Amino acid sequence: MTFHASIESPLGPIALTSDGRHLTDLHIGRHVAKPTTDPIIDAASAQLGEYFAGHRTEFDLPLKATGTAFQESIWQALQGIPFGHTTSYGELGQAVGKPGSARAVGGAVGANPLPIVIPCHRVLASDRRITGYSGGDGIPTKEKLLDLEKISYR
């Protein structure tokens with residue numbers, strides 16, 4: 001069974017999806033028409049509220065992000081970027097044993113089904129520029145997340 005709910009956040013609405021055992025999807029900027037909550041969505045809602053209030057720096061949720069083997073390796077590596085820190089697309093490629101794959105890394109980062117919780121907003125260009133963000137309103141959403149974590153990106 002699949003469960004769906006949405007929460008309000010400083011980024012606008014966030015739609016959450018659970019399979020009953022894992023958080024499987026998070027969409028910034030979407031509402032859910034017919035909510036069907038479960039304990040996973042309840043926990044995700046509470047933890048996201050704590051994050052946006054500045055009281056949480058790590059998420060403790062069961063996650064299931066399904067993609068290609070390369071995408072999943074990137075999403076796993078993203079989870080190792082601590083709150084308040086960043087990495088570059090090139091460094092992320094090296095971390096998963098694929099040096100020179102910054103463009104492919106960017107594609108995998110952009111396909112992340114669980115932004116914020118799997119912190120793809122912490123990836124910048126090698127010169128610390130923001131080169132894009134696929135969630136919410138794009139770059140302005142990423143800037144808000146970086147500002148929340150007090151990360152310098154200019």
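**Close-up 1. The salt bridge between Arg 56 and Glu 50.** Here Arg 56 pairs with Glu 50, and their closest N and O atoms lie 2.7 Å apart. As a reminder, a salt bridge here is a side-chain nitrogen of Lys or Arg within 4 Å of a carboxyl oxygen of Asp or Glu. Glu 50 is partly exposed, at 31% relative accessible area; the scale calls a residue buried under 20%, exposed over 50% and partly exposed in between, using a 1.4 Å probe and protein chains only. This is a predicted model, where local features need pLDDT of at least 70, side-chain atom pairs count only at pLDDT 80 or more, and totals for chains, interfaces and linings use all residues. Residues are numbered from 1 along each chain as its sequence is written, and side-chain values use heavy atoms, leaving out hydrogens and water.

**Close-up 2. The salt bridge between Arg 122 and Glu 149.** The N to O distance in this pair is 2.8 Å. Distant parts of the chain are linked here, 27 residues apart: Arg 122 sits in the loop between helix H4 (102-110) and strand E5 (123-124), and Glu 149 in the segment after helix H5 (139-148). Helices (H or I, at least four residues) and strands (E, at least two) are DSSP runs, numbered from the N terminus. Arg 122 is buried, with a relative accessible area of 5%, and Glu 149 is buried too, at 3%.

**Close-up 3. The salt bridge between Asp 127 and Arg 129.** Take a look at these two side chains, which meet at 2.8 Å, N to O. Asp 127 is partly exposed, with 46% relative accessible area, and Arg 129 is partly exposed at 48%. A search of the whole structure finds three salt bridges.
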